[in-house]
Amino acid sequence: MKRTARGPADAVVSVRRELIGAAKRLADDVDTISIAAPVTHVYNPLRYAWQSHQSYLERANDKGIEVLFLGMNPGPWGMAQTGVPFGEVSAVRDWLEINNPVSRPHPEHPKRPINGFECCRSEVSGRRLWGLFHKYYGTANKFFRHALVLNYCPLVFMEASGKNRTPDKLTKLERAEIESVCDSHLNAALVASRCKFAVGVGAYAESALAKAAQSTSHHCQIVRILHPSPASPAANRNWEGTVTTQLTGAGVW
């Protein structure tokens with residue numbers, strides 16, 4: 001049988017296909033990891049909010065992603081509700097125009113219910129990040145032509161009180177297991193994206209990107225921006241202006 005040469009159409013399909021395939025593998029891999037007390041509940045939005053996550057990845061630029069932003073893990077009122085990284089409900093629904101049915105995790109923490117796009121809480125980090133993208137890119141279509149946001153770890157960890165527990169606060173063994181599968185996913189996503197810039201939203205994400213860049217054949221510039229979390233005093237002092245200056249100074253914008 002005569003082989004046909006791979007053309008532009010093949011490259012176009014592969015970016016999205018590889019990102020979606022990598023996300024599916026990640027969803028399977030993290031489900032095999034057991035997390036002990038004080039964590040009592042673990043949510044995997046790649047399961048119960050997969051339709052929205054897939055719709056989001058299907059918007060990625062088929063020709064490659066110029067700027068790949070990376071966060072740490074979902075917040076309880078962001079990606080945990082919508083399936084989209086930093087997924088503040090109104091930004092995902094009204095600007096990105098993604099609004100798919102979201103089921104519920106099992107077991108569900110009584111203080112952290114999943115209401116999907118009916119959630120009335122707003123995630124400050126997501127509102128700040130997507131608000132900045134809205135201001136800079138103007139339209140979601142223009143954003144997706146140039147950029148994409150992923151999270152290093154897709155899981156939400158909660159204690160009995162409902163308090164969010166970030167991956168860096170887990171035990172050494174738990175972190176090692178999670179980092180093994182998350183590093184594998186990030187390596188695949190970095191190569192698939194063909195990004196020119198990889199931007200860590202905070203120090204944790206930056207370190208994950210630096211590690212991934214050393215493990216793959218893909219070369220890109222690693223940049224760090226201030227995390228938008230309201231828990232950070234610096235982020236509460238003109239976060240938008242600070243990050244705009246960081247991205248402009250690094251040549252990303």
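Predicted model: local features only at pLDDT ≥ 70, side-chain atom pairs only at ≥ 80, totals over all residues.
Residues are numbered from 1 along each chain as its sequence is written, and side-chain values use heavy atoms, with hydrogens and water left out.

On terms: strands (E, at least two residues) and helices (H or I, at least four) are DSSP runs, numbered from the N terminus. Two strands pair if DSSP finds at least two bridges between them.

β2 and β3 run parallel and are joined by five bridges. Gly71 stands opposite Asn151 in β3, a strand that covers residues 147-151. So is Asn151 buried or exposed? Asn151 counts as buried because its relative accessibility is 7%; the cut-offs are under 20% for buried, over 50% for exposed and partly exposed in between, with a 1.4 Å probe and protein chains only. Leaving out residues up to four places away in sequence, Asn151 touches Leu70, Gly71, Met72, Asn73, Pro74, Met79, Pro85 and Phe86. A contact here is heavy atoms within 4.5 Å.

Next, helix α10, residues 239-249. Its buried residues are Trp239, Val243 and Leu247. Looking down the axis of α10, they fall within an arc of 55 degrees, so they line one face of the helix; the arc is that of the directions from the helix axis to the C-beta atoms. Thr245 and Gly249 are exposed on the other side of α10. And what covers the buried residues? The cover includes β2 (67-71), α6 (124-137), β5 (197-201) and β6 (221-225). Just after α10, Gly251 has a positive phi of about 85 degrees.

Over to helix α3, residues 50-57, where Trp50, Ser52, His53, Tyr56 and Leu57 are buried. Those residues cover an arc of only 165 degrees around the axis, which puts them on the same side of α3.

Keep an eye on Tyr56 while we talk about rings. The whole structure has 17 aromatic pairs. Tyr56 and Trp130 make an edge-to-face pair, at 6.5 Å centre to centre with 90 degrees between the planes. Rings of Phe, Tyr and Trp (its six-membered ring) pair if their centres lie within 6.5 Å, and planes under 30 degrees apart count as stacked, over 60 as edge-to-face and the rest as tilted. With Tyr56 in helix α3 and Trp130 in helix α6, the pair links distant parts of the chain, 74 residues apart.

Last stop, the core. The largest nonpolar core has 75 residues, and Tyr56, Phe69, Leu96, Trp130, Phe133 and Leu148 touch the most other members. Such a core is a set of buried Ala, Val, Leu, Ile, Met, Phe, Trp, Tyr and Cys residues joined through side-chain atoms within 4.5 Å. Apart from that one lies another core, of seven residues, including Tyr43, Tyr48, Ala49 and Ile114.
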